[in-house]
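Trainee: Hey, can you walk me through this one? I'm new to it.
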Amino acid sequence: MAIRQLSETLINQIAAGEVIERPASAAKELIENALDAGATRIEIATSGGGKALLRVSDNGSGMDAADLELAVRRHCTSKISETLEDIRTLGFRGEALPSIGSVARLSIASRRRDSAGGHEIAVAGGKIAHIRPAAANPGTIVEVRDLFFATPARLKFLKTEKAEAGAITEIVKRMAIAFPAVRFVLSGSDRTTLEFPATGDDHLARMAQVLGKEFRDNAIALDAVREEISLTGFAGVPTFNRGNSAHQYAFVNGRPVQDKLILSAIRGAYAETIPSGRHPVAVLSITLDPALVDVNVHPAKSDVRFRDPGLVRGLIVGAIREALARDGSRAATTGASDMLRSFRPGFQPNSQRPQTPWSAETSPSRPYQPTTGFGERPQASFDGLSMPTARAEPQFSPQPAAPEPNARYPLGAARAQIHANYIVAQTEDGLVIVDQHAAHERLVFEAMRKALHSKRLASQVLLIPEIIDIPEEDCDRLMLHAAELSELGLAIERFGPGAIAVRETPAMLGEVDAHGLIRQLADEIAEWDTASGLSAKLEYVAATMACHGSVRSGRRLRPEEMNALLREMEVTPGSGQCNHGRPTYIELKLSDIERLFGRS
């Protein structure tokens with residue numbers, strides 16, 4: 001078979017398959033061009049999820065007639081000259097506009113600030129029209145219509161209009177975080193208007209616009225340098241986590257990236273501080289010499305390759321862990337494995353004792369010499385200590401009128417509830433401390449999982465429907481699975497473009513935090529991102545609902561409630577762990593307790 005030269009149009013269409021995967025890809029390229037042109041105001045309008053219309057307007061430097069003619073031709077760019085070693089702009093390949101023009105109807109109207117008038121050029125399916133004068137404000141307006149009309153096969157691989165519109169929203173959010181001094185406006189017939197006013201140098205204010213105002217109160221500042229690489233940004237405290245990793249943003253020299261190395265480093269930094277299935281919220285900005293990073297790995301420029309990946313990973317992990325340690329009072333880093341260590345006496349084994357001279361004043365074996373006595377004034381400092389929040393009966397029996405002979409209860413009898421969260425039970429050979437919320441969460445989940453395979457779960461109708469305000473794209477995802485959620489006893493309806501009305505909740509959950517439940521379900525469905533994902537993961541949804549409907553921390557339980565919880569745990573498989581992998585109870589044997597007191 002003879003080798004022949006491909007036509008320019010076909011070459012552009014092949015390139016478009018790599019550069020322009022979906023409407024969001026086109027939006028990303030056009031926004032990057034606007035930012036490279038020095039724009040301080042960028043407006044994006046869409047229709048049909050960006051497939052019917054995508055318009056990006058900016059107030060940047062603009063182009064004259066000669067620039068417009070070259071802009072729609074491949075490998076024509078003003079951003080690099082002869083080398084790829086010093087790339088300081090978002091775009092540089094010179095492929096975006098000709099690739100878009102080869103598969104869509106593209107028009108560009110632009111005017112330089114020092115020019116009396118503007119010019120316009122159009123490209124349809126790779127055919128370039130003549131440049132003509134046009135009335136235009138300083139800056140550039142790029143309009144893309146009928147995306148992929150020239151390559152209809154590509155349309156079959158696109159998602160729904162709502163999904164494509166949501167992807168464009170995500171692109172705008174990432175760009176907005178990277179450039180807080182730029183005002184972004186996203187509007188169109190397929191969405192509600194989204195606006196991010198410029199915040200100047202206040203990066204945290206812009207992050208609050210995108211991630212929510214609660215991020216400002218739960219963020220820890222990052223500022224670290226290692227060799228020639230610097231890291232700035234903000235990391236959320238471990239207790240401020242979400243149901244997916246979509247709230248992790250990374251930037252390299254101002255370029256939004258979704259690099260696996262960076263995301264892996266974030267997971268490593270938060271290891272053992274966040275429950276399984278939860279993800280931290282973080283915004284990281286890495287700055288380094290352009291020669292030390294390759295941004296030309298993929299035409300989409302979302303992946304990068306560092307010359308020293310180990311150095312970058314170490315910097316991220318070290319900076320986040322140092323920040324968490326510095327702000328440890330807000331980080332939940334305790335675990336069940338640390339409990340015994342926290343009870344150990346202050347002395348060390350002989351092999352680990354510090355080599356310091358012995359003195360009677362500092363010896364741990366010195367006689368006790370009280371200096372204040374036990375008068376009323378010294379004892380006043382103990383007034384703040386409260387009694388147990390709830391106490392159990394002296395003797396436990398599940399049926400007080402007719403105790404069961406020779407009954408054995410592995411989790412013992414409840415003796416007290418402390419801090420309105422932990423049940424202390426006495427067993428035959430020790431004691432058990434139970435996290436009441438984690439334990440009940442597991443019990444509710446097992447009951448829901450069992451009911452899933454038999455019939456629709458019973459629900460309770462709310463007297464007044466609860467209205468939950470969430471982003472429009474989250475509303476769309478939830479409503480796609482409204483029927484499946486109804487099988488679990490959760491009935492929801494659309495309440496405007498950005499709100500969900502909760503009308504029924506599962507009866508077995510009792511009082512439910514509807515706002516937290518709906519938000520978490522939206523996060524999980526967004527991560528699965530498939531039409532059938534919820535059907536295949538109903539048990540995960542049941543686990544989420546069980547968490548929000550279980551006995552809450554801070555609720556005082558009666559003795560019979562505490563003992564009933566222990567008895568149900570004893571007969572429920574897997575009750576030793578909650579749905580997130582955390583322990584539901586910790587057991588201390590009497591021999592361990594005696595060892596702590598030096599009695600054995």
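Predicted model: local features only at pLDDT ≥ 70, side-chain atom pairs only at ≥ 80, totals over all residues.

Trainee: Got it. How many helices and strands does the protein chain have?

Mentor: The protein chain has 20 helices and 26 strands.

Trainee: And what share of the residues counts as buried?

Mentor: The chain has 600 residues, and 45% of them count as buried. As for contacts between residues at least 6 apart in sequence, 69% join residues at least 24 apart.

Trainee: Okay, helices next. How do H2 and H6 pack?

Mentor: Helix H2 covers residues 23-36, and it packs with H6 at an angle of about 25°, the axes being 8 Å apart. Angles under 35 degrees count as roughly parallel, so H2 and H6 are roughly parallel to each other. The crossing of H2 past H6 is right-handed.

Trainee: Which residues make that contact?

Mentor: On the H2 side you have Pro-23, Ala-24, Ala-27, Lys-28, Ile-31, Glu-32 and Leu-35. H6 brings Glu-164, Ala-167, Ile-168, Ile-171, Val-172 and Met-175. Sorted by class, the contact of H2 with H6 has 10 nonpolar residues, three charged and no polar ones.

Trainee: While we're on H6, what about Lys-173? Is Lys-173 buried or exposed?

Mentor: Lys-173 sits in helix H6, which spans residues 161-178. Buried means under 20% relative accessible area, and Lys-173 has 14%, so Lys-173 is buried.

Trainee: What does Lys-173 touch?

Mentor: Leaving out residues up to four places away in sequence, Lys-173 touches Phe-196, Val-210, Tyr-249 and Glu-473. With Glu-473 there's also a polar contact of 3.5 Å between the two side chains. Another pair to look at is Lys-173 and Leu-194: they are 21 residues apart in sequence, and their C-alpha atoms are 9.8 Å apart in space.

Trainee: Now H9 and H10. At what angle do they pack?

Mentor: H9 (residues 260-269) and H10 (residues 309-326) pack at about 35°, with axes 9 Å apart. H9 passes H10 in a right-handed crossing.

Trainee: And which residues are in the contact there?

Mentor: From H9 it's Leu-261, Ile-262, Ser-264, Ala-265, Ile-266, Gly-268 and Ala-269. From H10 it's Pro-309, Val-312, Arg-313, Ile-316, Val-317, Ile-320, Arg-321 and Leu-324. That contact of H9 with H10 divides into 11 nonpolar, two polar and two charged residues.

Trainee: Last topic, backbone angles. What is the phi of Phe-148?

Mentor: Phe-148 has a positive phi of about 70°, although Phe-148 is not a glycine. You'll find Phe-148 in the loop between strand E7 (139-145) and helix H5 (152-155). Phe-148 counts as buried because its relative accessibility is 0%.

Trainee: And what about the phi of Asn-253?

Mentor: Asn-253 has a phi near 55°, again a positive value in a residue other than glycine. Asn-253 is in the loop between strand E13 (248-252) and strand E14 (255-257). With 33% relative accessibility, Asn-253 counts as partly exposed.

Trainee: Thanks, I'll go and find those in the viewer.

Terms used:
Residues numbered from 1 in each chain as written. Heavy atoms only, no water. Helix = DSSP H or I, 4+ residues; strand = E, 2+ residues; numbered from the N terminus. Buried < 20%, exposed > 50% of the residue type's maximum accessible area, 1.4 Å probe, protein only. Contact = heavy atoms within 4.5 Å. Polar contact = N/O pair within 3.5 Å; in protein donor to acceptor, adjacent residues only side chain to side chain. Axes fitted to C-alpha atoms, helices over the stretch in contact; angles between N-to-C directions. Parallel < 35°, antiparallel > 145°, perpendicular 65-115°, else oblique. Left-handed = near helix turned anticlockwise from the far one by under 90°. Nonpolar A, V, L, I, M, F, W, Y, C, P; charged D, E, K, R; others polar.
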